[in-house]
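Here's a quick briefing on charged pairs and a bit of greasy surface. Have a look at the model first, then run through the notes below.

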Amino acid sequence: MEPLKKLASHPGIKHLGPGLITGAADDDPSGIATYSQGGAQFGFNMLWTVILTYPLMSGIQMISARLGCLTGRGLAANIKAQFPRPVLFAVVGLLLLANTVNIAADIAAMGEALRLLLGGSAHVYSVTFGLLCLVLQVFLPYERYVRYLKWLTLALLAYVAVAFTIEVPWLEVGARVVLPSLAINRDSIMMVVAVFGTTISPYLFFWQAAQEMEDLRSLRERGEAISDDAARGHLSRIRWDTYVGMGFSNLIAFFIILSAAATLHSAGVTDIQTSAQAAEALRPLAGNFAFLLFSLGIIGTGMLAVPVLAGSAAYAVVESFDWKSGLDKKLHEAKEFYGIIAFATVGGVALNFTPIDPIKALYWSAVINGVIALPIMVVMMLLGSNPKVMGHFVIGRRLRWLGWLATAVMAVAVVAMFVTI
């Protein structure tokens, strides 16, 4: 119990883990493209969205983390225990499909970003990035692997740095955050839906729950007993980790929108479809240094996001069939788990060599994510409020209200998405 007590009583940077990595993975290259388009098309008038989503995102991620920590099972295993199998298989199947397409878009963006920096073939770079992510997940020990992922989050600070290499009208930024000048039409609604769908994504629920489960399992394997007091302390650590991780995620999103608004929108460039296109458009407007920072950020966050996308899909699938899972397991101990990781990663790489339009594929993956996020959030709220699942650690009134508010907002976004398609 001593490691858990230390973890709970000293909430510092070294104790940031699942929440920080989950939040940073949310700003993947496809997310960067969405935020860049928001800034390019609507200027500073889209900044309010990432401020609004911060408490909602924090609340729903905290619930997923608590489920993983207190039940000792991942999200799919909890759904399997409480709901009919068709519900489980529908959710997991759609998650695997959406994550594979998202991996394809992210790997393509990383390859294109490196091509912009060095020249050469974007396809060769994409294959290299995909294989590198796969090898690291399969052969690197879990504790060291997670430590590297934590350091990769620093790559996202490039987007904060970009904002300080360009001229930003901060008074106007403050005014637009408080009072955005935004026409209510199809384009603005679709962008708000896109930001919400990018920020609150199903793969993040599965990943954070699984990582909390992994941390708990490692303590149990060392023979550590977990008392109620230690559990309360661990929940305090989860709260700290999640608030910081989601805050970091939304801060980066804020600065990506800000940078695109101050450069691209101001210059009349309003159509950005990929993160690499956003980086290239920055060069003549903000200079080579801003372009370099933006491009390196795409590669760094892609290296962070691809393992999270593949890993969250693997956890969901293997939990559905009671197979062994865990990044702490060796290849021969969890063949199915690593097989799903390989399938999602290699499948994502392969999609870049097909006639499928990556922009359309990314759009439909966002649609799928939006569709499955809503029922998963409802399921999570029901699980978190159920004493049979959570014991006497059911979610409190404040977190329950925040979680249901996030679910309601996502419901409005999904309805708006279908109305405006």
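**Salt bridges and a nonpolar patch**

The count comes to 4 salt bridges in this chain, and keep in mind that the model is predicted. Side chains of opposite charge can pair when their charged atoms come close. Here's how some of the pairs sit.

**Across the chain**
- D322 and K80 meet through their side chains in a salt bridge, 2.8 Å from N to O.
- This pair ties together distant parts of the chain, 242 residues apart: D322 is in the loop between helix 15 and helix 16, while K80 is in helix 5 (residues 75–82).
- D322 is exposed, with 61% relative accessible area, whereas K80 is buried at 18%, because the cut-off for buried is under 20%.

**Within helices**
- E112 and R115 form a salt bridge with their closest N and O atoms 2.5 Å apart.
- Both sit in helix 6 (residues 85–118), 3 residues apart, so they're separated by about one helical turn.
- E112 is partly exposed at 24%, and R115 is partly exposed at 28%.
- Over in helix 13 (residues 228–265), D241 and R237 are 4 residues apart, about one turn, and their salt bridge comes in at 3.1 Å, N to O.
- D241 is buried at 0% relative accessibility, and R237 is buried at 2%.
- E212 joins R237 and D241 in a network of salt bridges.

**Nonpolar surface**
- F89, F321 and W323 make a nonpolar surface patch of about 290 Å².
- W323 lies in the loop between helix 15 (288–320) and helix 16 (335–351), and is partly exposed at 36% relative accessibility.

Conventions. Residues numbered from 1 in each chain as written. Predicted model: local features only at pLDDT ≥ 70, side-chain atom pairs only at ≥ 80, totals over all residues. Heavy atoms only, no water. Patch = residues over 30% accessible without salt bridge, like charges linked within 9 Å, V, L, I, M, F, W, Y side chains within 5 Å. Areas by Shrake-Rupley, 256 points an atom, 1.4 Å probe, with all protein chains shown as cover. Helix = DSSP H or I, 4+ residues; strand = E, 2+ residues; numbered from the N terminus. Buried < 20%, exposed > 50% of the residue type's maximum accessible area, 1.4 Å probe, protein only.
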